[in-house]
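Please look through the structure shown below before reading my points, and keep it open beside them. The points follow the strands, the loops and a few single residues in turn.

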Amino acid sequence: MIIRRFYDDPLAQASYLIGCGREGVAIVIDPNRDVAPYVEAAAAERLRITHVTETHIHADFLSGARDLARITGATLHLSAEGGRDWQYAYAAHDGARLLRDGDVMLVGNVRIAAVHTPGHTPEHLSFLVTDTAAADQPIGIVTGDFVFVGDVGRPDLLERAARVEGTMEASARTLFRSLRKFTQYPDWLQVWPGHGAGSACGKGLSAVPHSTVGYERRFNWAFGVEAEDAFVQAVLEGQPEPPTYFATMKRLNRDGPAPYDPARAPERVTRAQLADAKRAQAFVLDTRRADAFAAGHVPGSISVPLNRSFTSYAGWVVPYDRDVVLIAQDDGAAREAVRALAMIGVDQVAGWASAGVVDEWRKEGGPLGVVAQVDAADLAAALAADTSAVVDVRGRAEWDESRIAGAPNIPFGLIGDRADELPAAGTVVLQCQSGSRSGIAASVLLARGVKNVANLAGGIEEWERAGLPVERGVPASR
């Protein structure tokens, strides 16, 4: 048996190629939209991809299962579990084989058995993998978003992201029962999860790439909670806010992702063309470093620096119904940003401008926007003088743990829609953990015409390093 794990860092997402070397065939589980690495890996191993499947209808990235099956001629296998409301709308059109609990796929001498593991989503499947040439019992289980290393899949996304009201508690109870069945597997069974640290599909995922059933049973918090009611409370508490793009991903992955063209490269645009695009209501996304954006940017542009968090942060603020024009450091950065956006279905990138366009704008188009930076000592003095107010733009669970006294909480990805909740007088200083999310939030408010906005440089980390006090624990008013 041949197994290859693929990991996309910006998505914190794992997918798997499992092959039979003797028969020269393979299956790919949970491919993301950039399918070239799977095709290349299969060719390198002299394998033909004959099966493509996925554990569930994903919320955090656009699936590549449909594209990969089309490109390779493989049979697409999709879950038929979960009831009428959670079926793949394109399954019949694409000739997919529908999988139910206990169904088996034979990939040469490798046996892949589907196990219905609902809770994260109603249709969720895991896959038991047996190398029948060497053993009569499975070696591992691909768990998708069911069991992670150190955590389990969150059961609240149907309600909080897909807006299916009243499903959180029922899903949590379903997840509890699925986990009880999971404990029946032998300790030595390897666990191959779908995500690692940094994913919003859980609240405490480890960066360790794989585990075993025995290890998780002993050290994963979810298996230490024996009472169902206590588990429901624990698994729902402290979950991060789901990015706004999750709802769109659910819909696109259910109805059928559009084909992806990795060779597509948007044209470079001039300052004048950028100005025309702005007048046509294009969304201008500045991917330069946060400090460069703060020092000077094209007015109305939104800052999301091109780093490891780019995809998830961009998913909070980039619309799906407008053209997008990028400002990027260079051609390589522009291509990287285009690919990252495509992974979450943002295909409407109409062009890109180099970093030099900012200086050109200053010379020919008028003054640049800036994000004022405030240090911890100056903020403390301004708060004491009542000339500034601070707003914490971290997640609610982070705010519950510790916060600057008196700081209300508006998560950065929601601040544009909740601008009317900002303090009315003085300068509004935005604060996150280190200054990155608050920089994005500041750009959103500035683009919406909110004038007196500043960023706490270094965030609450710098505040605490300066010896300034914080409140800790869940506030009594919650």
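1. Strand 20 and strand 21 (residues 453–456) are joined in the parallel sense by 3 bridges, where strands are DSSP runs of E of at least two residues and helices are runs of H or I of at least four residues, both numbered from the N terminus. Two strands count as paired if DSSP finds at least two bridges between them. Within this pair, V428 stands opposite V453 in strand 21.

2. Before going on, please note that this is a predicted model, in which local features need pLDDT of at least 70, side-chain atom pairs count only at pLDDT 80 or more, and totals for chains, interfaces and linings use all residues. Residues are numbered from 1 along each chain as its sequence is written, and side-chain values use heavy atoms, with hydrogens and water left out.

3. Strand 20 (residues 427–431) also runs parallel to strand 18, to which 5 bridges join it, and here A389 is the residue that stands opposite V428. Strand 20 is mostly covered, since 4 of its 5 residues are buried, a word that means under 20% relative accessible area, while exposed means over 50% and partly exposed in between (1.4 Å probe, protein chains only). In a regular strand the side chains alternate between the two faces of the sheet.

4. Together with helix 15 (residues 436–447), strand 20 and strand 21 make a right-handed β-α-β unit. Right-handed here means that, with the strands pointing away from the viewer, the path from the first strand over the helix to the second runs clockwise.

5. Is R394 buried or exposed? R394 lies in the loop between strand 18 (388–392) and helix 14 (396–401), and it is buried because its relative accessible area is 2%. The side chain of R394 makes a polar contact of 2.7 Å with the side chain of D392 and another, of 2.9 Å, with the side chain of Q433. A polar contact is a pair of N or O atoms within 3.5 Å; within protein, one must be able to donate a hydrogen and the other to accept it, and residues adjacent in sequence count only if both atoms are side-chain atoms. Leaving aside residues up to four places away in sequence, R394 touches several others, among them W399, Q431, C432 and I460, where contact means heavy atoms within 4.5 Å.

6. C432 is itself buried, at a relative accessible area of 0%, and C20 counts as buried at 4%. The count of disulfides comes to 0, a disulfide being a pair of cysteine sulfur atoms within 2.5 Å.

7. An open sheet of 4 strands has the order 14-13-15-16, with parallel pairing. Strand 14 (302–303) and strand 16 (349–354) stand at its edges with a single partner strand each, so one side of each is left without a neighbour in the sheet. Strand 13 (residues 283–286) pairs with strand 14 over 2 bridges, and D286 has S303 as its bridge partner there.

8. Another open sheet, of 6 strands in the order 7-8-9-10-11-12, has mixed pairing. Its edge strands are strand 7 and strand 12 (211–212), each pairing on one side only. Strand 11 (residues 190–193) and strand 12 pair in the antiparallel sense over 2 bridges, with T212 in strand 12 as the bridge partner of Q190.

9. Finally, G102 is found in the loop between strand 6 (97–99) and strand 7 (104–107), and it counts as partly exposed because its relative accessibility is 48%. G102 and H116 are 14 residues apart in sequence, while their C-alpha atoms are 7.9 Å apart in space.
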